[in-house]
Amino acid sequence: DLQVAGHLLDPSGAQTLKAMAQEHLGADVPGWEDLAGRGAKAKAAEELGVEAVARWAAREARVLPELARRLRARIERDELLGVYDEIERPLTRVLSR
């Protein structure tokens with residue numbers, strides 16, 4: 001889970017894909033609010049059209065493998081692999097209930 005990995009590495013940092021992609025990859029990945037807006041002016045996915053939502057999702061999906069690789073490498077470098085694999089990841093199953 002990338003957000004769990006991001007939190008383990010930087011508990012006070014933003015855990016959005018947009019923020020982590022910028023920090024770890026230098027990649028500009030628009031967040032959902034960049035596409036749909038926010039608050040009362042936000043549009044529902046149906047209003048945006050399939051093409052726009054598909055492009056947004058594809059941009060997010062493209063950065064996932066490299067971001068996961070880099071976060072994993074940093075967790076290993078910081079000697080946090082045991083904490084991540086034995087505590088953090090299993091805890092996500094409990095918290096998601």
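Which element gives the largest share of the lining of the largest cavity? It is α2, with three residues, and helices here are DSSP runs of H or I, at least four residues, numbered from the N terminus.

Before I go on, a word on the basis: this is a predicted model, in which local features need pLDDT of at least 70 and side-chain atom pairs count only at pLDDT 80 or more, while totals for chains, interfaces and linings use all residues. Residues are numbered from 1 along each chain as its sequence is written, and side-chain values use heavy atoms, with hydrogens and water left out.

Now the cavity. By cavity I mean a set of points, on a 1 Å grid over the protein atoms alone, where a 1.4 Å probe fits but cannot get out, and lining residues have an atom within 4 Å of a point. Searching the whole structure gives one cavity of 30 Å³ or more, and the largest cavity holds about 60 Å³, where volume is the space filled by probe spheres set on the points, which are joined across faces, edges and corners. Among its lining residues are G6, L9, M20, H24 and R74, and the elements that give two or more residues to that lining are α1 (2-9) and α2 (17-25). The lining divides into three nonpolar, four polar and three charged residues, with Asp, Glu, Lys and Arg counted as charged, and Gly among the polar ones.

Staying with α2, L17, M20, A21 and H24 are buried there, meaning under 20% relative accessible area, whereas exposed is over 50% and partly exposed lies in between, with a 1.4 Å probe and protein chains only. Down the axis of α2 these buried residues fall within an arc of 100°, so they line one face of the helix; the arc is taken from the directions from the helix axis to the C-beta atoms. They pack against α1 and α5 (50-77), contact being heavy atoms within 4.5 Å. After α2 comes G26, with a positive phi near 70°.

Next, the aromatics. The count comes to one aromatic pair, the rule being ring centres within 6.5 Å, the six-membered ring for Trp, with planes under 30 degrees apart called stacked, over 60 edge-to-face and the rest tilted. The ring centres of W32 and W56 are 4.8 Å apart and their planes stand at 75°, so the pair is edge-to-face. W32 sits in α3 (residues 32-36) and W56 in α5, 24 residues apart. W32 is partly exposed at 32% relative accessibility, while W56 is buried at 18%.

Methods: On a 1 Å grid over the protein atoms alone, a cavity is a set of points where a 1.4 Å probe fits but cannot get out, and a pocket is an open set with protein on both sides within 12 Å along at least five of seven lines; lining residues have an atom within 4 Å of a point.
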